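This briefing reviews strand pairing, nonpolar packing and charged contacts. Please consult the sequence and structure shown here.

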Amino acid sequence: MPFDQSLAPHFESLNREWIEKDFVVEETDLLVFSDPFGQIVALGGGVFFVISGGNVVGTCAVIPHGEKDFELAKMAVTAGARGQGFGDLLIERVIDFAKQAGAQKLILVSNTLLGPAIKLYEKHGFKSVPITDAGDYTRVDIQMELPLI
């Protein structure tokens, strides 16, 4: 499901769940959480949600990053819903969105402590590359890319 303002609190709560487990919420996180429409959608990106059994169980953003790239960001699936293919649905939706927008590649930054997420990204063709843009995140220790052309 695409972004709807009524779902914005779920975008924050789902992401806080994984961030606060192993890391700390950073200023950049708070900026995006405070206005996902303005920080992502209004810039030409998207925020997507998975709803199962009437509950929001997953979310992911795709953000324009430079002229021809997009960034997969803020992907989260609640702990009780992992292993059911929701992460696959989110990544596939982000890849389709980026391709339709004419992106040449998708990038993401993450942390290797998030082993299952890294394996999910690799399953969809993302490869580790040198870190060139960790943004303002101190938790980043891996950058991955997926060529789309």
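Is Asp22 buried, exposed or partly exposed? With a relative accessible area of 36%, Asp22 is partly exposed, where buried means under 20% relative accessible area, exposed over 50%, and partly exposed in between (1.4 Å probe, protein chains only). The model is predicted: local features need pLDDT of at least 70, side-chain atom pairs count only at pLDDT 80 or more, and totals for chains, interfaces and linings use all residues. Residues are numbered from 1 along each chain as its sequence is written, and side-chain values use heavy atoms, with hydrogens and water left out.

**Strands and hairpins**

- Helices (H or I, at least four residues) and strands (E, at least two) are DSSP runs, numbered from the N terminus.
- Strand β2 (residues 55–65) is largely enclosed by the rest of the structure, because eight of its 11 residues are buried.
- Strand β1 (residues 46–52) pairs with β2 in the antiparallel sense over seven bridges; two strands pair if DSSP finds at least two bridges between them.
- Ser52 faces Asn55 of β2 across this pairing, and the β1–β2 hairpin leaves two residues between its strands, with Gly53 in the turn at a positive phi of about 60°.
- Strand β3 (residues 69–77) runs antiparallel to β2 and is joined to it by seven bridges, with Thr59 opposite Ala76 in β3.
- The hairpin of β2 and β3 has three residues between the strands, and Gly66 there has a positive phi near 80°.

**Nonpolar cores**

- A nonpolar core is a set of buried Ala, Val, Leu, Ile, Met, Phe, Trp, Tyr and Cys residues joined through side-chain atoms within 4.5 Å.
- The largest such core has 28 residues, and those with the most contacts inside it are Leu72, Met75, Ile91, Leu106, Tyr121 and Phe126.
- Elements giving two or more residues to this core include β1, β2, β3, α4 (86–100) and α5 (115–123), and the largest share, seven residues, comes from α4.
- Apart from this core lies another, of 19 residues, among them Leu14, Ala73, Ala76 and Leu114.
- Not counting residues up to four places away in sequence, Met75 has contacts (heavy atoms within 4.5 Å) that include Trp18, Thr59, Leu90, Ile91 and Tyr121.

**Salt bridges**

- The structure holds 10 salt bridges, each a side-chain nitrogen of Lys or Arg within 4 Å of a carboxyl oxygen of Asp or Glu.
- Asp22 and Lys21 form one of them (3.5 Å, N to O), and Lys21 is exposed, with a relative accessible area of 62%.
- Another joins Asp88 and Lys123 (3.1 Å, N to O), linking distant parts of the chain, helix α4 and helix α5, 35 residues apart.
- Asp88 is buried at 16% relative accessible area, whereas Lys123 is exposed at 57%.
- Glu145 and Lys105 also meet in a salt bridge (3.4 Å, N to O), which connects strand β6 with strand β4 across 40 residues of sequence.
- Salt bridges with shared partners join Glu26, Asp29, Lys74 and Arg139 into one network.

**Surroundings of Glu26**

- Glu26 lies in the loop between α1 (8–22) and α2 (27–34) and counts as buried, at 10% relative accessibility.
- Its side chain and that of Arg139 are joined by a polar contact of 3.4 Å; such a contact is a pair of N or O atoms within 3.5 Å, where within protein one must be able to donate a hydrogen and the other to accept it, and residues adjacent in sequence count only if both atoms are side-chain atoms.
- Leaving aside neighbours within four places in sequence, Glu26 is in contact with Asp136, Tyr137, Thr138 and Arg139.
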